Amino acid sequence: MHPAPSVIIFTTLSGLGFGLFFWLGLGVPDVQGGSAFAFFFIAYVLSCAGLLASTFHLGNKKNAIYALSQWRTSWLSREGVAAIVTLFLFALIAVPRIFLGAEMVISGVIGSVLALITVVTTSMIYTQLKTIPRWNQPLTPVLFLLHALGGGALLAGEVKIAGWLLLALTLALFAAWRVGDRRALARGTTGDATGLAHLGAVRMLESGHTARNYVVDEMVYRVGRKHAEKLRWIALALAGALPAAILLLTPPGHITAFVALALHLLGVVIGRWLFFAEAEHVVGLYHGA
Amino acid sequence: MTALPDKTDKKLGLVIDLDTCVGCHGCVTACKGWNTQHYGAPLSDTDPYGADPGGTFLNRVFSYEAQAEGRPAQTIHMPRSCLHCDDAPCVTVCPTGASYKRAEDGIVLVNEDRCIGCGLCAWACPYGARELDREAGIMKKCTLCVDRIYNENLPEEDRVPACVRTCPAGARHFGDLGDPDSDVSKLVAKRGGYDLMPDLGTKPVNKYLPPRPKDTLDTAPLTAVADEPKGFLGWLDKALEKL
């Protein structure tokens, strides 16, 4: 799949933002006044910037309001609704916390659950697609949740919890690649896709076009496979293993947490690029890919 | 709504004969022509006379080669367009309700006044049948020429999809695949029409008729007629050798 910057930014930032909301809803860290403002501000900037980025690739933005209408069937619509409800509810939690020093325990817990639901709906946009076997597996929502929870805990200053979550993320990334590779191989061949396999070995002689087109650009995108393996290890180390090691093995401090966060963010962006760029769409079989 | 209808009264669709299709791309051109001038936003071309031309098409013909062990290769031309699936994944993923399947005839359409051009329906389609128009920013797909098939301003013989009307080989058939007594259903039953990628559970309405089995030659095509010529040929062989 084409790794559009808009979707990479969207999934990275909004995941982090809603992850931070999850911890803030639970009262972690337990802050009021000015520091509560700082934490909520970061969560809002991340989640809103992510959601805005996701609209960049829309061909026809003027109809965007309709995207909230089909929550009964569409995960993308559910995601939009869940995100807006979560952001609205957290405004009702943040204001009393910042200005009144209130605890807002029950609404906080509800907000945390909604933040997680938002992350799950994001992940289901990708997980639901049977056409992309690599994504269509239970580890995809697990990955999105661990990214959000781990990154959110790191932003919330819960370094030990963040360390363990990022360790879990490392294992989940590794497992998702292994399972994904197997699923991608099981897609079949051009012969299976065309239903011509009974005639012998099938290959494409001529594609239906001499120029590039939307389907090819969007779905038959092929990464320079040369570096994919290296990039996986880099993403694994930066997003999960290295920050986890720093957080779990060094004494807590602002500098170590900042280094861990910077490494984690870079790793997540590389990992998300791979998430899209590596994903094989079954339509590629018709194109001999 | 992007919920699929429980059942459709008819299942209008195409039956494409892979034995007969000669790969002339006539259907591609007829489709592009009709759908650029009628229903919805035109199918745009980008940089049509420049160095990197491109454009939106609702139907494209691919050519494949199949070769069994020890047999000559054969060419199969496969026109590919929307299959108007019964369980269309492109419809249910749509966040805006722009994509829908009609309960009366099963045609899958896009309401262009609602489409946001997010492209998720194209991702959900296994067949590459949907293309986002780069000019309009709207998702385009085969309408089964909904503006022809019910159009009483057209002569009756023209009330079929443009691709079917134009096909010079008669490789494309249009009809109600939900009615077991229709011509297209009989054709599918007789010729063993099949679904593309049935394991994905999309239940396509359109069917493909497989190429008919080919004859086999008793001898390999390029065996020498005579390795050791005798008689007149033998004399000629020797005479020419001596020259």
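**Close-up views of a predicted two-chain model**

Over all chains, the structure holds 18 salt bridges. The model is predicted, and the views below present several of its local features.

**Figure 1. The interface between chain B and chain A.** The contact draws 57 residues from chain B and 55 residues from chain A. Between them, an area of about 4,500 Å² is buried, and carbon and sulfur atoms give 61% of this area. There are 21 residue pairs in polar contact between chain B and chain A. On the side of chain B that touches chain A, at least two residues come from each of β3 (54-55), β4 (59-67), β5 (74-81), α3 (120-124) and β8 (131-132) of chain B. The element that gives the most to this side is β4(B), with eight residues. Two salt bridges are found across the interface of chain B and chain A; they are the subject of the next two views.

**Figure 2. A salt bridge between Glu65(B) and Arg203(A).** The closest N and O atoms of Glu65(B) and Arg203(A) are 2.8 Å apart. This pair crosses between chains: Glu65(B) belongs to strand β4 of chain B, and Arg203(A) to strand β1 (residues 201-206) of chain A. Glu65(B) has a relative accessibility of 17% and therefore counts as buried, the limit for buried residues being under 20%. Arg203(A), at 46% relative accessibility, counts as partly exposed. Side chains of opposite charge can pair when their charged atoms come close.

**Figure 3. A salt bridge between Arg134(B) and Asp217(A).** The side chains of Arg134(B) and Asp217(A) meet with an N to O distance of 2.8 Å. Arg134(B) is partly exposed at 47% relative accessibility, and Asp217(A) is also partly exposed, with a relative accessible area of 24%.

**Figure 4. A salt bridge within chain B, between Arg212(B) and Asp19(B).** The side chains of Arg212(B) and Asp19(B) meet at 2.8 Å, N to O. The pair links distant parts of the chain, 193 residues apart. Arg212(B) lies in the loop between β11 (207-209) and α7 (231-242) of chain B, whereas Asp19(B) lies in the loop between β1 (12-17) and α1 (26-37) of chain B. Arg212(B) counts as partly exposed at 42% relative accessibility, and Asp19(B) counts as partly exposed at 30%. In chain A, salt bridges that share partners join Arg134(A), Asp181(A), Arg232(A), Glu278(A) and Glu280(A) into one network.

Figure 5. With a relative accessible area of 3%, Thr140(A) is buried. Apart from residues up to four places away in sequence, Thr140(A) touches Ser123(A), Thr127(A), Arg134(A), Trp135(A) and Phe275(A). Arg134(A) is also one of the residues in the salt-bridge network.

Figure 6. Beyond residues up to four places away in sequence, its contacts are Phe21(A), Ala49(A), Leu87(A), Phe90(A) and Ala91(A). Tyr44(A) and Gly17(A) are 27 residues apart in sequence, and their C-alpha atoms are 6.6 Å apart in space.

**Figure 7. A nonpolar surface patch on chain A.** Leu26(A), Val105(A), Ile106(A), Val109(A), Ile110(A), Val113(A) and Ile117(A) make a patch of about 610 Å². Ile117(A) is found in helix α4 (residues 105-127) of chain A. At 40% relative accessibility, Ile117(A) counts as partly exposed.

Technical notes. Residues are numbered from 1 along each chain as its sequence is written. Chains are lettered from A and ligands numbered from 1 in the order in which they are written. This is a predicted model: local features need pLDDT of at least 70, side-chain atom pairs count only at pLDDT 80 or more; totals for chains, interfaces and linings use all residues. Side-chain values use heavy atoms; hydrogens and water are left out. Patches are made of residues with over 30% relative accessible area and no salt bridge: like charges are joined within 9 Å, nonpolar side chains (Val, Leu, Ile, Met, Phe, Trp, Tyr) within 5 Å. Accessible areas come from the Shrake-Rupley method with a 1.4 Å probe; for residues, only the protein chains shown count as cover. A salt bridge is a side-chain nitrogen of Lys or Arg within 4 Å of a carboxyl oxygen of Asp or Glu. Helices (H or I, at least four residues) and strands (E, at least two) are DSSP runs, numbered from the N terminus. Buried means under 20% relative accessible area, exposed over 50%, partly exposed in between (1.4 Å probe, protein chains only). Contact means heavy atoms within 4.5 Å. Buried area is the accessible area (1.4 Å probe) that two parts lose on being put together, summed over both. A polar contact is a pair of N or O atoms within 3.5 Å; within protein, one must be able to donate a hydrogen and the other to accept it, and residues adjacent in sequence count only if both atoms are side-chain atoms.
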